[in-house]
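Please read these notes with the sequence and the model open beside you. Each point can be checked by eye.

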Amino acid sequence: MIAALITEPLPGPVVGILGITVAAALRLVSPTPDDAIRWALSGFSHSTVWLIFVAFMFGLGYEKTGLGRRIALGLVRALGRRTLGLGYAVALSDLVLAPFTPSNTARSGGMVYPIIKSIPALYDSAPGRSARRIGAYLMWTAFAATGITSSMFLTANAANLFAVSLMKESAGISVGWGEWSLGFLPVGLVLFLSLPVLVYLVFPPEVKISREVPVWAAHELGRMGPVSRREATMAGIALLALGLWIFGARWLNPTTAALVAFCLMMLTRVLSWRDVLGYTEAWRVLVWFATLVTLADGLQRVGFLSWFAARMTAGLSAVPVTTRLVLLVAVFFVAHYMFASLTAHATALLPAFLAAGAAMPDMPARPLALLLCYAIGLMGVLTPYATGPAPIYFASGFIGRTAFWTLGGVFGALFLAGLLALGVPWLISGIP
């Protein structure tokens with residue numbers, strides 16, 4: 001099962017269904033047939049699974065109403081006169097959409113990429129010899145930005161929500177929407193604000209001025225016409241959901257708040273039931289995450305986590321506690337070279353690393369748990385298969401194979417260094 005999670009030879013939901021079926025049939029975690037099947041299907045009643053599903057509907061709402069495209073084009077028109085400003089416009093487009101779009105594939109690959117892929121042609125930049133004119137810079141900036149934004153908000157990446165669920169169940173640590181964002185604040189601000197400049201220096205474009213881009217963006221906005229009722233309604237519902245997630249936790253469970261927003265999208269015709277039924281990615285994730293929740297619980301029941309924790313503790317017993325913390329996060333981060341999915345990585349390794357940390361004397365449990373969770377989004381920058389948007393940007397042809405792997409290593413190291421240098425002292429201080 002772990003090998004299937006790493007290499008994904010089968011679709012994720014199929015792997016999950018096979019896993020819970022085998023475990024139930026062999027009664028690996030429960031002595032009776034009835035208890036075994038109840039355990040196997042328990043993930044489908046997990047609140048986080050439904051929060052993830054409904055959050056996908058926000059991304060669908062942005063796409064169906066055109067609001068996501070309007071926001072991105074507006075930023076490009078305002079900031080796109082210079083190539084560096086265009087880099088910030090691309091990154092900000094992802095940032096604005098991130099709190100309401102838990103699929104970084106839908107956000108970056110489905111909304112941002114279709115807009116920026118039209119820009120290089122304005123400057124005779126195409127895959128191949130002319131890619132470095134402007135296209136390669138834009139593509140890498142957009143791809144790297146989604147790694148940062150995926151960690152900035154709890155609802156910016158489906159794997160975040162799943163990781164928080166695992167963290168609560170395996171380590172007893174709960175984190176809300178606001179706590180998550182505050183905990184990542186210094187890391188997120190520094191990485192996000194410096195990213196377009198870093199890409200500009202490390203992977204510089206040949207074209208520095210881009211006067212045609214704002215004109216093109218204004219033309220595209222003109223074709224869209226004024227803000228529609230559905231766009232305005234979608235914006236209002238998204239802001240309501242965000243407010244409930246941040247300020248309404250005392251009165252409403254986050255999943256309940258998401259369901260309220262979903263019902264409003266249906267009642268106001270932002271989405272139709274046909275739209276919901278046709279969104280196969282959301283249903284795929286529902287089945288995938290429901291089975292992963294169950295399988296993660298199974299690892300704990302059969303004693304694997306205790307065994308792994310004992311091994312890790314023995315190996316790091318002579319190392320100072322802060323060094324242990326840094327090593328655990330670094331190993332967790334680098335291990336993503338073996339995975340083709342952020343969620344699969346979290347499922348296979350997060351409970352084990354949390355258990356290992358809990359077994360080590362004086363290990364600050366909450367900072368460790370948060371650092372591991374924050375690493376999940378950032379590690380998506382490492383390879384052409386590390387996360388959903390990666391194959392999309394790689395397939396654009398603007399960034400060659402060698403360059404993609406090299407940039408992944410460079411920016412992966414920068415992201416990890418930022419997480420450890422800024423996140424460790426911030427979280428250990430107990431401010432969040």
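1. A helix here is a DSSP run of H or I with at least four residues, a strand is a run of E with at least two, and both are numbered from the N terminus. The model is predicted, so local features need pLDDT of at least 70 and side-chain atom pairs count only at pLDDT 80 or more, while totals for chains, interfaces and linings use all residues. Residues are numbered from 1 along each chain as its sequence is written, and side-chain values use heavy atoms, with hydrogens and water left out.

2. Start with the loop between helix H18 (342–358) and helix H19 (365–378), where Asp-362 is found. Asp-362 is not a glycine, yet its phi is positive, at about 65°. Most residues other than glycine have a negative phi. Asp-362 counts as exposed because its relative accessibility is 70% (buried means under 20% relative accessible area, exposed over 50%, partly exposed in between, with a 1.4 Å probe and protein chains only).

3. Arg-269 sits in the loop between helix H13 (254–267) and helix H14 (273–278). Its phi is near 65°, again a positive value in a residue other than glycine. With 59% relative accessibility, Arg-269 is classed as exposed.

4. H19 packs with helix H21 (residues 401–428) at an angle of about 155°, and their axes are 10 Å apart. Axes are lines fitted to C-alpha atoms, for helices over the stretch in contact, and angles run from 0 to 180 degrees between N-to-C directions. H19 is therefore roughly antiparallel to H21 (under 35 degrees is roughly parallel, over 145 roughly antiparallel, 65 to 115 roughly perpendicular, and the rest oblique). On the H19 side the contact involves Pro-367, Leu-370, Leu-371, Tyr-374, Ala-375 and Leu-378; on the H21 side, Phe-415, Leu-419, Gly-423, Val-424, Leu-427 and Ile-428. Contact means heavy atoms within 4.5 Å. By class, the residues in the contact of H19 with H21 are 11 nonpolar, one polar and no charged (Ala, Val, Leu, Ile, Met, Phe, Trp, Tyr, Cys and Pro count as nonpolar, Asp, Glu, Lys and Arg as charged, and the others, Gly among them, as polar).

5. How do helix H4 (residues 47–65) and helix H9 (residues 158–171) pack, and at what angle? The angle is about 165°, with the axes 10 Å apart, so H4 and H9 are roughly antiparallel to each other. Thr-48, Leu-51, Ile-52 and Phe-56 of H4 meet Ala-158, Leu-161, Phe-162 and Ser-165 of H9. This contact of H4 with H9 has six nonpolar, two polar and no charged residues.

6. Two residues of helix H8 deserve a look. Thr-141 lies in H8 (residues 135–152) and is buried, with a relative accessible area of 0%. Not counting residues up to four places away in sequence, Thr-141 touches Gly-87, Leu-195, Pro-196 and Val-199. Ser-150 is also in H8 and counts as buried at 1% relative accessibility. Leaving aside neighbours within four places in sequence, the contacts of Ser-150 include Asn-104, Arg-107 and Gly-377.

7. The largest nonpolar core has 148 residues, of which Met-57, Phe-58 and Trp-140 touch the most other members. Such a core is a set of buried Ala, Val, Leu, Ile, Met, Phe, Trp, Tyr and Cys residues joined through side-chain atoms within 4.5 Å. H8 supplies the largest share of this core, 11 residues.
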